[in-house]
Structure formats: C-alpha cells, structure tokens
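Visitor: I would like to go through the salt bridges here, with the reasoning behind each label. Where do we start?

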Amino acid sequence: MVLTREQPHFFGAGPAQLPTVVLQQAAADLIDYQGLGLGIGEISHRSKEAGKVIDDCKKHVKELLGVPETFEVFFMQGGGTTGFSSIASNLTAAKVGRDQKPGTAAYLVTGAWSEKAVQEAERLGISTEVIFNTKKASGDFVSIPATSEWVDKVTADKHSYVYLCENETVHGVEWPEVPLELAAKGVPVVADLSSNIFSREIDVNRYDLIMAGAQKNIGLAGLTIYIIRKTLLEDISKVPESQLRDMGVPIAPIASHYPTVVKNNSAYNTIPIFTLHIIDLVLQHLLKRGGLQSQQSVNEEKAKMLYEALDQHSDFYNLPVDKKVRSKMNVIFTLKKDGLNDKFVEEAAKLRLTGLKGHRSVGGFRASLYNAVDISSVRLLADFVVRFAQENAQ
C-alpha cells in the first residue's frame, strides 16, 4: 500500500483535513509503535508507552499555548456535546464548593453551538440565564454585541460560570478575543474552542476552563482537550455528592468528573490512545512549523484572501456576518442569484475543491480554513470564486 496522496483541497467543517505527514506517521504507528510489535491502538492505556503519549501531548499543549502552572491539562472521551453536560455539572459543583450555593449559569449565545450548550444545561436542570442571544436581537446569528452592552449583567455573586463558543462553525461568527472586562468579573469564564484551538495565539489567563473537541482542527473525533484553572478543580473536590443531591444539582458521571479524570492522568477509563497520538503528532507538526505565531499569520492570510475575493463581488455573493466578527476558520456565504448553487458545487468539484456545502440548517456555502488547509488550496478557491461570479453575473 502506498501511503501518499495528492494535496487535498478539502474545506469541510469537521471531521476536517489533517496534515498528510501526520497521517503517514500515524499509519505506520498503527501497525508497529516504536518497535513494540503492536500498534499504538493495541497497547494498554495504563502502559508506560501510553502514559508517555498522554504526558507528551499535555506538554505540547502547554508549550504551544503558553499554559501557566496555575492550570491543568487533561483529555476526555467525547466531543463538544459531551462537554456541554460535563461543564454544566462540574462548574455548578464548583460554585457550591466556593459559595455553598449552585448559582446560575450565564450563556452568551452567538450561534448554533452556544445555543445547544445552554439547552443541554437547561435539560439537566441547571439554573441558566442567557445574557444575550444575537439571533433574537437581530434575526440571525451574524454579530456579537459590544462588551459594554452586556458585561455588567454578569456578576460573581449570582453566576456560577459564563459560557461562550469562541468560534461558531455553523454561522461563521468568531470572538476576536475574550474581553478583558469579562475576564475581570470574577466569574469563571468557560469557552468552547473546538474549531479554532491552535489557530492563533491566546492569553490562557483570560479563561478558567477551555474545552476543545479534536475533530475540527487538531485530530480525529472522539477526544476533547480541557484546560482548567486548578482552583476550579479544588472547588469541585470540596463538595460531597450528598450535598449536591440535597441541592438538586446533577452529579457528573465518574468518567467526566474533572478531579477524577485529572487524578488518573486522563486514564480513569480507557482513553483512545491512537486518537490522542494523532493529536500529539499534529501539535508536534505545529511546533516544527514555528508554533502559533506562525500558524496565526498563515491563517490570517488565508482568510483575508478568500474574504477579499468574495467582497470583490458583493453584488453576487452575500456574506451575512458582521465584518468585525467574521470567522477566520469558517467562511459563510450564499449566492444572491437563484438556481446556481448546484452549478457552483459541480464546477468547484472539477477543480477538486470539496466540502463547500453549508450546514444543513443554514444552507449556502461554508469554506473551513483550518490549519491543515494549505494556502495554495485557498488561493485556488479564491480564484474560482472570482471567476464564477464573472461568468454567471448576467
């Protein structure tokens, strides 16, 4: 079997394209890992080899993001949807540990994924408050209100945590950064970074808990990275389960109880070590390419190139998202002229430009510019976007 391929031009939103060199190494390791005579997916999750994969991946997460010593990195099975429930139960328990009351979870709803997150917290019986929902305010998820308009609604006494999805893959809305004013409120800031993790530099100190599913930008589906402030772990650990029951607070399943997962080095249950190994190979690849400063520069160039091509033909393409919060990972657009959607997809496919259909709930088109999407692929797409508009404008 030949483990080579042509450079893909795949813009799917996830599971997403991965670097070919990573997949080639992973394929070899799946057969025989470091001369063990067994593949990486066959070794015990409690073996020294698996423990080293876990520790190396944690080390590379910390190195790339500059994670302070006041934070812990761990991994859990599942993705963002699993995270919605684990966050709600663990962070509510942490509030009980701090203040002897469960408080109210605050949600900043800017798209489909933050909306699903609050719905899951409500389903579990967690007291919630939507600080703002941009769809209700403007008719669709296309903007983020100025921080001054809502930040004073978040209070340390009332709220157990405040939740945001930093990049909304369905609607193409991305927070430029976590506002300093929010980080200073004294309420734990919880952020879903599933689709823009390791795409740019961030200040980890502005967060108290980061959740990031792997399959968008850094690996295969099945694992999620968590970066949590150690004081939150201490708060969760203070609370006996009997107290949570008496207060009507849902107890986190043992496999998603954060202090238990951390205490067992992410291996309380059988961690999918092959999936974690691929994440670590991706992180090593990023480090070799110059880290996040270098990757951010490339990602900004890719996004600028495609948005400029689309904006150049604003009479033909509609870009619904406010320019100030356009996602650099997921470029959302539609055609203003009816009857051309299928033609756009078919002609793009002839150039091997694939994965461009928008989410089924939104329609139109979506080009996901994740780290592994080469700038040459984006250039090809930008040229096609311009040519298609010129040829079909009349």
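Visitor: Are Glu174 and Arg200 buried or exposed?

Guide: This is a predicted model. In it, Glu174 is buried, and Arg200 is buried too. That label requires a relative accessible area under 20%.

Visitor: What makes Glu174 and Arg200 a salt bridge?

Guide: Their N to O distance is 3.5 Å. The cut-off is within 4 Å, so the pair qualifies. Glu174 sits in strand E7, and Arg200 in the loop between strands E8 and E9, so the contact ties together parts 26 residues apart in sequence.

Visitor: Why is the contact of Arg229 with Asp208 called a salt bridge?

Guide: The closest N and O atoms are 2.7 Å apart. The limit is 4 Å, so the contact counts. Arg229 belongs to strand E10, Asp208 to the loop between E8 and E9, and 21 residues separate them. Both residues are buried.

Visitor: What links Arg326 to Asp311?

Guide: A salt bridge, with the closest N and O atoms 2.9 Å apart. Arg326 is in the loop between strands E11 and E12, and Asp311 is in helix H11, so parts 15 residues apart in sequence are tied together.

Visitor: Why is Arg326 called buried?

Guide: Its relative accessible area is 13%.

Visitor: Why is Asp311 called partly exposed?

Guide: Asp311 has a relative accessible area of 27%. That value falls between 20% and 50%, so Asp311 is partly exposed.

Visitor: How many salt bridges does the whole structure hold?

Guide: The search finds 19. Shared partners also join Arg98, Asp235 and Lys238 into one network.

How values were computed: Residues numbered from 1 in each chain as written. Predicted model: local features only at pLDDT ≥ 70, side-chain atom pairs only at ≥ 80, totals over all residues. Heavy atoms only, no water. Salt bridge = Lys/Arg side-chain N within 4 Å of Asp/Glu carboxyl O. Helix = DSSP H or I, 4+ residues; strand = E, 2+ residues; numbered from the N terminus. Buried < 20%, exposed > 50% of the residue type's maximum accessible area, 1.4 Å probe, protein only.
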